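Subject: Structure handover

Hello,

Here is the structure I promised to pass on.

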Amino acid sequence: MKKYILTLIFTTIFFAIISASATTAINIETVDIGNVGTDNSLAMDSLKNPYISYYDAANGDLKYATKSGGSWTTETVDSTDNVGQYTSLAFDSLDNPHISYYDVTNGDLKYTTKSGGVWVIETVDSADNVGQYCSLALDRLNNPYISYYDVTNGDLKYASKSSGSWVIETVDGAGGINDVGYFTSLELDGYVIQNAHISYYDATNDDLKYTTNSSGSWDTVIVDSTGGSWTSLALNSFAEPNISYQAAGMLKYASKWSGTWSTETVDSTGITGMLTSLAIDSYNQPHISYYVYTAPAHLKYAYRDRLGVAWEISDIDTSVVSGWNSSLVLDHDIPLISYYDDTNNYLKFAYWNVINGRSCNLTDTITDALYGAMDFDIIYVRPENYTENLTIDICLFIEATGNASNTLIQAADPNLPVFNIIDIDGFGSRIQGFTITGANNSSGISLSDARNWQLTSNIIIGNSIGIHLYNSYGFIINLNTIQNNTWAGIYIDQSGGCSCINNTITGNQEGIYIANASYNNEIIWGNNIHDNNGIGISILNNSNNNTISQNTAISQNVVMGVFIQDSNTNTVSSNIIQGNGWLGIGVDNSSGNTINNGNEISGNVEGVYIVNSSTRNIVSGNNIHDNTDAGINILNSSTRNNIISNTAISGNGVIGVYIQDSDTNLVTYNNIQNNGWAGVALDNADGNTINGANTISGNLEGINITNSSADNTIDGNNITGNTNIGVSIINSSKGNNITYNIAISSNGVIGVYMRDSNTNTISGNTIQSNSWVGVCLDQATGNTINSDNNISGNLEGLYIVNNSNSNTITGNNIHENADTGIYIDGSTNNQITTNTAISSNGVIGILLRRADANTITGNTVSSNNFAGIALDNANINNINGLNTISGSQMGIYIANTSYGNNIYNNNIQNNTWAGIVLDSAINTTVYQNNFISNPLHALSQNGSGNTFYQSNTGNYWSDWPSTDHRPIDGNEGIYDEYPSLTPF
């Protein structure tokens, strides 16, 4: 079969040639007759077939036209009442049509979709008179969204149906304060969570306005205060809004770039610019159809050239008065326009034939077509199989006229690239619509020392490298399928400024490989990078300032989703990264990178892995969940100063955040819950800070600090509802500070647990309602529990056990624990001092059991059910220094051969039975205490050597008005030999 390549030869840009021969380049067809088409909307399905929804004014019906096989067919969609004005048509991913429109009879907004050959019609909004100027868009899940005008209230409204029912909201207008919402135009962007963008007219103030809900609420700006009617909005490939509109009788155009709006006048001849329709081409340049009112009224078309320099303006169908309510779409950047013929009341359709009227060369090969081609020529390639290696060193547009699946280029020499682009600034040149294969030892497309090319809608398969950029800049790689290349899908090598958009990259060894000081590349918006045999995206070897953002899926890659090594200040944001064989994101010897803004990182072994001298990285605002091992893993001594913030870290198999051998990191304002073992684990990690109202709940342990971790700060968190322990400090960890946490509460066993760890501080926390112990010290020495901890509602408030010695408990409020406020067992030399309240505990305020040489001084111990202070087989302890011990059944209870304890200088008062009871106590010294209003001040029985005075100093007894020796109740026959008449 003979193969033909059509080479269009010209020295200016493509669309200038089209408009130069309009009589032969434009075909005009009549779609329907009989007073039809005043409100029409044009759209294409995935096979590029055109369809039009429109209003039949003669019958008051909504109609629908289809072109298939070269002819138009029409059908009536809705004929109930007078319906069908302001139609807006869109196709979903299954090629089902969706139409929004206005019910004139009832003043309602209506919507219909066709599935399985049947039109299903719904009323979206019937409150008041609503639905004019409606504009429809579909998200990637085929859910409909509509912007429209509320005539009754003068408001801009917005309807969405993403969960089975319509949700209506008022966007602007506030019920008639301003009359806004005319000429609405809606588009959704390509982000993972798609955002709405709407242009519209404020009739009260004669302003062009724009609003978006990308921040979570509607943010509205005035784009042009000189006018803004007949708006049409379209987004470019960077999701930046562009608007065509009329102001002061002129056609104008507004665009937002890098956050800044600019406006320009496109056409000011006569009264023009009405009923605009805008589309953006693959070079991000605008095309506008519009109506000129000045006689003879007709349809016009304007576009800006590929370099973005000049506007070209053409008159369309000047044989009659026509052009009312035109609708424009682009097919391979070629305009198609539906419009109303005002003279005959017909619906018409115009399209450009780019072959007829052209100077063409017919060739057998693409190589032949390249001979004699000049800058900015277009080579159209017919669907065939070609076996060639192509070298290009001029600006060219090489485009298949069919689909990529039926236009295949096989490498003639597998050691050379199929397309080899060398040393040329393409100024937007393009390779589009091919299957590119067979470069087994080379690249499907290779660009060396090149600039500003676009690679779009290709299938690049079965090469060593799919696309290789070397020392090149400024590329757009979009809508390609890049698969089963033996090494890399895309290799960006010493190159920058590349944008990868909406590609599918799968089955390669490496999906995208960015290396060797490549910079400012953007892997953004809707790429699906999955099932590659190694890594989805690698950023290596001093490649900085690259952006990985808004990708639909970086998933099921065998090793990692994203890997950053020896590279700095890159950004990974708003991606879905899931199901990769080992890591979701790996950061190795890299600093200043940002992983933020809603990445969904799940189903990997490790969610985020930061290692080997990686510093100052930020992980913020993500959802990291259901990874097999850790949500975030930070390790190695040279890895430090990283920040984990505002992230949901949940359901990971072992640990939420694991910091091992790594120092001075910050974990702040996260929600860390339901991880299999620890919410946060610090392992031989120093100087880290976990603060800022982290919520750490539902884990086995909330925070685990282990293996000589030192000087970490746990501050201001909410650590609740963990199955076992809120905070553990174990295995020689020291100098850690647990301070001012909002709550360490409702944990299954213990609030704070220290074992084999020294010189840690617990201060200012609320530690309550833990099932067993609020704070437990186990073989832990030299720790401080101070500064107004509120320890309540536990079984045991504070439990010090197993040679936990020389700890200080001071300035706390320990109350309403079910059993004991402070329980010291088998531990010595602890200081319980100046605590605000040890009160209302279920049994005992302070219990010393087998605990020697401890000091209890200056505390308020009150209203404990059994004893304020109890000593059980505890020796040589000092209870002194103006403790106030009151309101319990017994103030002090000393039993079971406890010996050598000193009780002096306390206020023991208002206890319900006894002030002090010595039961089998030995050599206890009780002196200089105030016994006030206890029914039984003192009882001493079954012991020996106990005395109630020392050095001529006894106690004050509120029931003894004499200096004569006072007998002590009991069977020991002892006295206070020196009772005082006045309190000490």
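Below is what I found, topic by topic.

**Confidence**

This is a predicted model. The mean pLDDT of the protein chain is 92. Of its residues, 96% reach 70 or more. Two stretches need care. Over residues 6–24, pLDDT stays under 50. The model has 59 contacts beyond four places in sequence for that stretch. Residues 355–360 also stay under 50, with 15 such contacts. Where pLDDT is low, the predicted coordinates should not be read in detail.

**Cores**

The largest nonpolar core has 140 residues. Phe419, Ile445, Leu447 and Ile467 touch the most other members. Take Ile467. Leaving out residues up to four places away in sequence, its contacts include Ile445, Leu447, Leu455, Ile460 and Tyr491. There is also a second, separate core of 24 residues. Ala90, Tyr133, Leu275 and Tyr291 are among its members.

**Surface patch**

Leu307, Val309 and Phe427 form a nonpolar patch on the surface. Together they have about 290 Å² of accessible area. Phe427 sits in strand S37, residues 425–432. Its relative accessible area is 41%, so Phe427 counts as partly exposed.

**Salt bridges**

The count comes to 20 salt bridges.

- Lys300 and Asp267 meet at 2.8 Å, N to O. Lys300 is in strand S25 and Asp267 in strand S22, 33 residues apart. Lys300 is buried because its relative accessibility is 9%, under the 20% cut-off. Asp267 is buried too, at 4%.
- Arg430 and Glu399 meet at 2.4 Å, N to O. Arg430 lies in strand S37 and Glu399 in strand S34, so this pair ties together parts 31 residues apart in sequence. Both residues are buried.
- Asp872 pairs with Arg849, the closest N and O atoms being 2.9 Å apart. Asp872 is in strand S93 and Arg849 in strand S90, 23 residues apart. Asp872 counts as buried at 15%, whereas Arg849 is partly exposed at 27%.

One group goes beyond a pair: Asp172, Asp202 and Lys209 are linked in a network of salt bridges.

**A loop residue**

Where does Asn724 lie? Asn724 is in the loop between strand S74 (718–720) and strand S75 (725–730). Asn724 is partly exposed, with a relative accessible area of 23%. Leaving out residues up to four places away in sequence, Asn724 touches Asn699, Leu700, Glu701, Asn747, Gly748, Val749 and Ile750.

Best wishes

Key:
Residues are numbered from 1 along each chain as its sequence is written. This is a predicted model: local features need pLDDT of at least 70, side-chain atom pairs count only at pLDDT 80 or more; totals for chains, interfaces and linings use all residues. Side-chain values use heavy atoms; hydrogens and water are left out. A nonpolar core is a set of buried Ala, Val, Leu, Ile, Met, Phe, Trp, Tyr and Cys residues joined through side-chain atoms within 4.5 Å. Buried means under 20% relative accessible area, exposed over 50%, partly exposed in between (1.4 Å probe, protein chains only). Contact means heavy atoms within 4.5 Å. Patches are made of residues with over 30% relative accessible area and no salt bridge: like charges are joined within 9 Å, nonpolar side chains (Val, Leu, Ile, Met, Phe, Trp, Tyr) within 5 Å. Accessible areas come from the Shrake-Rupley method with a 1.4 Å probe; for residues, only the protein chains shown count as cover. A salt bridge is a side-chain nitrogen of Lys or Arg within 4 Å of a carboxyl oxygen of Asp or Glu. Helices (H or I, at least four residues) and strands (E, at least two) are DSSP runs, numbered from the N terminus. pLDDT is the predictor's confidence in each residue, from 0 to 100.
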